[in-house]
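I opened my notebook to look up a few things in this structure. Here is what I wrote down as I went.

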Amino acid sequence: MRVAFVANEVGIGLWRNFSMTISVVIVTAVSLFFFGSGLLFQRQVDLLEEYTYNNIEVSMFLCGAQSDEPSCAGGEVTAEQKAAIEADLAGPELSPYVEEWLFESKQEAYDRFVQQFEGSAIVESVTVDLLPESYRVRMVDPQESDVVVAYFSGRAGVEQVEDQQQLLAGLFGFLNGARWFAWVFAGVLLAAAVLLVATTIRLAAFNRRRETGIMRLVGASKFFIQLPFMLEGIIAASIGALIASLGLLAAVQGVIVPYLQRQIRVTPYIDTSDVFAVTPGLFLLGILLAGIASLITLQRYLKV
Amino acid sequence: MIRFDNVSKAYKTTQRPALDEVSINIDRGEFVFLVGSSGSGKSTFLRLVLKEERATGGDVHVAGRDLARLASWKVPGLRRQIGVVFQDFRLLPTKSVFENVAFALQVIGKPRHVIERTVPEVLQLVGLDGKEGRRPDELSGGEQQRVAIARAFVNRPAILLADEPTGNLDPVTSIGIMKLLDRINKTGTTIVMATHDQDLVDQMRKRVIQLDDGHIVRDQARGVYGSGA
């Protein structure tokens, strides 16, 4: 009797307040979607960080025929200069820091370039000669790449020493900014969702003041009187969480998997399993916020 | 059953207390009329019994409970022992007669078989058998009040409070309602009825408590409405 009765009351409430229910669903859906995006963004940044951390290198580009750096005044790098660099990399000073290194010839650099920009017009304009020879140095601890950078910068025959970590710092800065934006945006929308749930519950309580008045007089418990209202908020928020989850799934399934993962294979990407990992959090947050909002509202507007 | 010891009730917005040091005892099974002009404190009296309000002074005891010490989560338990009837019936317009009465049992969690047994019984008691399926707007005022009384009585409360139950009804219908309340009183239920209906009070010859300006000015067994007799 109890369950059927409460379910019936909830159904009536949701239906009577149909437009408000829909707006609660929409606002919760959008805010939780952005909140979930923030979480997925976080996961993507983590993935990227982990991947680059493991693959990070110091690239030492050697002087070519056209290089105009001061350290390239002697023209193209000589075999002696290369031998000296290799000796230093293996020497007692640097070897504790260097995990491994390899030499990339002009042809290898060209092959890699072609592979990376396959199908792009830029490939046509680049010839083997234009690309520099380089050493790729992988560090034992990527944080200590400064050592290698400082050691070789400005040495004759070395055009430029490039620390990928520095390059990526800008990218991570951008990604962190985007993630914060998603969260702040989600926060504002979640606040709107909470207020909307509160208003909806208040309206529902007002619409049913006759029923609740009688319930109070015949001695229904506070819990029993308030439960249908709380459930209304929670059900609407849950539907919102469901829509947000489906939206995230569609975004990952429809954009990241078919497009980014196939077209730009530079780093690993999040996939649907990450969405499923985030989904329970969205439901929990939605239900928690709706529950708290209704509890506070009922405390104020539904005297028992 | 109901005992007030020096009970006062002051509202924040007015200076004069609504009830001022009222002491009264109403025993189990009594039928009491509460009379007095508007604003004399009748409604405050009823609200204190229901613990809709807290007394600002003195002790209120209802059905063996000291209301000042009653935890708020126990208030529903108190109200299950008290039925209430109002001048404006307060029925749910979208529910049938049966559903209106059943509602009072549903919301306190009574199982279906209990509801299906007790609701027809009480509808028969109030003389509404055969009208279970009607909506409140298909009933006369007297019939609507009978539904309200059925709802108040269906859980067999020890006390029935009636706040001007005949205020919206014509004299003939009012007498019918009074007879019904008398019949309920004969089952052992204590009845406190606030009213302005002079004829009814004079006719019934029950205990009359008269309030004036928050004071009890008369408490008379087998009394009449006016202070004369």
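Before anything else, I noted the rule for touching: two residues are in contact if their C-beta atoms, placed from the backbone, lie within 7 Å. I also jotted down that this is a predicted model.

Entry on B:Ile191. I looked up what B:Ile191 touches, skipping residues up to four places away in sequence. I got B:Phe31, B:Val32, B:Leu160, B:Ala162, B:Leu181, B:Ile184 and B:Asn185.

Entry on the cores. I then checked the largest nonpolar core and found 116 residues in it. B:Ile191 is among those with the most contacts inside that core, and so are A:Val197, B:Leu34, B:Val101, B:Ala150, B:Leu160 and B:Leu161. I also found a second, separate core of 16 residues, including A:Leu62, A:Cys63, A:Val77 and A:Phe152.

Entry on the two chains. How many residues of chain B are in contact with chain A? I got 16 from chain B, in contact with 13 residues of chain A. On the chain B side, helix H2 (75-79) and helix H3 (97-106) are the elements that give two or more residues. I sorted that side by class: eight nonpolar, four polar and four charged residues.

Entry on A:Gln44. I found A:Gln44 in helix H2 (residues 18-55) of chain A. Is A:Gln44 buried or exposed? A:Gln44 is buried, because 20 other C-beta atoms lie within 10 Å, and 20 or more is the cut-off for buried. Leaving aside neighbours within four places in sequence, I saw A:Gln44 in contact with A:Tyr269 and A:Ile270. I looked up A:Arg155 too: A:Gln44 and A:Arg155 are 111 residues apart in sequence and 38 Å apart in space, C-alpha to C-alpha.

Note on methods:
Residues numbered from 1 in each chain as written. Chains lettered and ligands numbered in written order. Predicted model: local features only at pLDDT ≥ 70, side-chain atom pairs only at ≥ 80, totals over all residues. Helix = DSSP H or I, 4+ residues; strand = E, 2+ residues; numbered from the N terminus. Buried ≥ 20, exposed ≤ 12 C-beta atoms within 10 Å, placed from the backbone. Core = buried A, V, L, I, M, F, W, Y, C linked by C-beta atoms within 7 Å. Nonpolar A, V, L, I, M, F, W, Y, C, P; charged D, E, K, R; others polar.
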